Amino acid sequence: MPQVAFTTLGCKVNQFETEVIEGLFKQRGYAVVPFSGKADVYVINTCSVTHLGEKKSRQLIRRATRTNPEAAIVVTGCYAQTAPEKVEAIPGVNVIVGTQDRQQIVDLVEEAVANQLQVKAVANIMAADHFEDIPLFHIPGRTRAFLKIQEGCTNFCTYCIIPFARGPLRSRPLSSVVSEAEKMVAAGFREIVLTGIHLGAYGRDHENNLELTDAIQAILDVKGLMRLRLGSLESIEISEQLINLMRKDKRLCPHLHLPLQSGHDHILSKMNRHYTTAEFEQLIESIRSQVDDIAISTDIIVGFPGETQEMFDEALAFVERMHFARIHVFPYSKREGTPAASFPGQIDEQDKKNRAHQLQVVADKAAKDFNNRFIGKIVDVLFEGEEDGVIDGLAGNYIRVYAPGDRSMQGQVCRVCVEKVYKDGVWGHITN
């Protein structure tokens with residue numbers, strides 16, 4: 001039986017797509033083995049969101065060729081789509097597949113091996129006109145399952161390469177969304193996480209005017225579903241219908257990830273983000289007033305071209321005032337082919353590093369403050385893993401919760417009384 005190994009960089013969409021590709025190989029009789037060991041085929045699902053993502057992608061490709069120089073090396077994902085010529089130049093790469101046409105990936109590998117040649121299948125993603133609907137063959141043994149329902153983005157933020165890596169908007173048919181959700185629930189998963197490149201745009205490309213809330217409601221109607229969590233959404237796409245669903249149906253997790261990207265209006269405008277800080281703040285206040293104990297997390301880019309120290313200081317003050325539950329901090333990464341790459345006022349790398357550090361201090365305090373709010377409260381936790389007599393999992397609002405326990409608790413939803421802030425989350429004890 002031939003052996004195949006996988007590794008994934010980047011977002012939840014990439015993680016889901018790796019699982020889909022893994023299923024295609026299993027259908028053809030391949031055994032999946034760890035990426036660190038020897039395999040006949042190595043599949044590297046790459047990321048190109050940042051310069052670091054591309055660097056890590058190249059490192060993993062070279063690591064695979066060192067582990068087994070005779071293996072077939074397959075590179076797919078965003079880096080393969082946006083820079084196929086760079087991937088092609090890396091010694092040992094046999095197959096290059098972009099972000100579309102993954103259905104044929106096993107055929108391409110076997111063609112490359114049989115004919116001892118390099119195969120490149122990177123189509124014009126901007127011409128893609130349908131969602132590549134590949135059902136999951138096998139769902140990995142975790143407590144949460146990712147479900148991708150949307151592909152592509154047309155926002156064209158000036159710093160972002162993703163529209164060029166993923167192409168236009170394509171939505172998964174609602175019937176397929178429901179059937180995959182039913183399969184996940186039947187397989188015993190307690191939580192489904194909806195993912196997409198531009199998740200809030202779900203249905204916009206469909207003739208029958210579907211919206212994200214239609215997909216959410218359809219999944220909530222699946223018998224046996226315990227939890228549904230949403231991936232990243234744009235703040236301007238948060239509807240009253242969505243908030244009403246979150247307020248009324250406790251299975252829809254009270255957690256929203258809303259990328260702010262900058263806390264300064266001038267920088268938001270240069271980023272081609274279609275809101276102001278005042279509008280963002282008003283939305284957050286409205287959501288918090290309607291959904292109890294909701295966690296709102298965000299992404300912030302520091303050191304965007306033209307960001308002065310004064311602008312950064314104002315942005316930092318705004319972020320502090322917002323009291324996010326979690327903040328992902330990113331120093332601006334110049335992406336070749338994006339407008340921002342040629343903007344004047346490029347920021348020195350050391351200045352970016354310093355600003356990122358300052359914001360991370362704010363992020364750490366905000367997370368701790370949010371977690372502190374739950375001391376003495378009881379939260380429902382889906383336990384995931386165990387180590388040395390301590391089991392951990394996620395509350396509905398994405399707080400990591402630790403408690404004494406064993407592996408028998410894995411996959412169970414338990415009520416936990418929170419006692420203190422602990423590590424990156426909180427510590428508590430299981431209660432009735």
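Tutor: Start with pairing: two strands pair if DSSP finds at least two bridges between them. Keep in mind that this is a predicted model.

Student: How do you know that strand 4 and strand 5 pair?

Tutor: Strand 4 and strand 5 (residues 93–97) are joined by three bridges, in the parallel sense. The criterion asks for at least two bridges, so the two strands count as paired.

Student: What makes strand 3 and strand 4 a pair?

Tutor: Six bridges join strand 3 (residues 41–46) to strand 4, and the strands run parallel. At least two are required, so this is a pair as well. Thr46 has Gly77 of strand 4 as its bridge partner.

Student: Why is the unit made by strand 3, helix 2 and strand 4 called right-handed?

Tutor: The term applies if, with the strands pointing away from the viewer, the path from the first strand over the helix to the second runs clockwise. Strand 3, helix 2 (residues 51–67) and strand 4 make a β-α-β unit of that hand.

Student: What makes strand 4 mostly covered?

Tutor: Buried means under 20% relative accessible area. In strand 4 (residues 72–77), six of its six residues are buried. Both faces are covered: Ala72, Val74 and Thr76 lie on one side, with Ile73, Val75 and Gly77 on the other.

Student: Why is Leu230 called buried?

Tutor: Its relative accessible area is 4%. The cut-off is under 20%, so Leu230 is buried. Leu230 sits in strand 10 (residues 227–230).

Student: Which residues does Leu230 touch, leaving out those up to four places away in sequence?

Tutor: Leu230 touches Leu194, Ile216, Leu242, Met246, Leu252 and Leu256. Contact here means heavy atoms within 4.5 Å.

Student: How many residues line the second largest pocket, and which are closest to its centre?

Tutor: The second largest pocket has a volume of about 500 Å³. Its lining has 21 residues, and Lys250, Pro254, Asp380, Gly396 and Asn397 are the closest to the centre.

Student: How is that lining of the second largest pocket divided by class?

Tutor: The lining has eleven nonpolar, two polar and eight charged residues.

Student: Which strand gives the most to the lining of the second largest pocket?

Tutor: Strand 14 does, with three residues. Strand 14 (378–387) and strand 17 (413–422) each supply at least two residues of that lining.

Note on methods:
Residues are numbered from 1 along each chain as its sequence is written. This is a predicted model: local features need pLDDT of at least 70, side-chain atom pairs count only at pLDDT 80 or more; totals for chains, interfaces and linings use all residues. Side-chain values use heavy atoms; hydrogens and water are left out. On a 1 Å grid over the protein atoms alone, a cavity is a set of points where a 1.4 Å probe fits but cannot get out, and a pocket is an open set with protein on both sides within 12 Å along at least five of seven lines; lining residues have an atom within 4 Å of a point. Grid points are joined across faces, edges and corners, and a volume is the space filled by probe spheres set on the points. Helices (H or I, at least four residues) and strands (E, at least two) are DSSP runs, numbered from the N terminus. Ala, Val, Leu, Ile, Met, Phe, Trp, Tyr, Cys and Pro count as nonpolar, Asp, Glu, Lys and Arg as charged, and the others, Gly among them, as polar. Buried means under 20% relative accessible area, exposed over 50%, partly exposed in between (1.4 Å probe, protein chains only).
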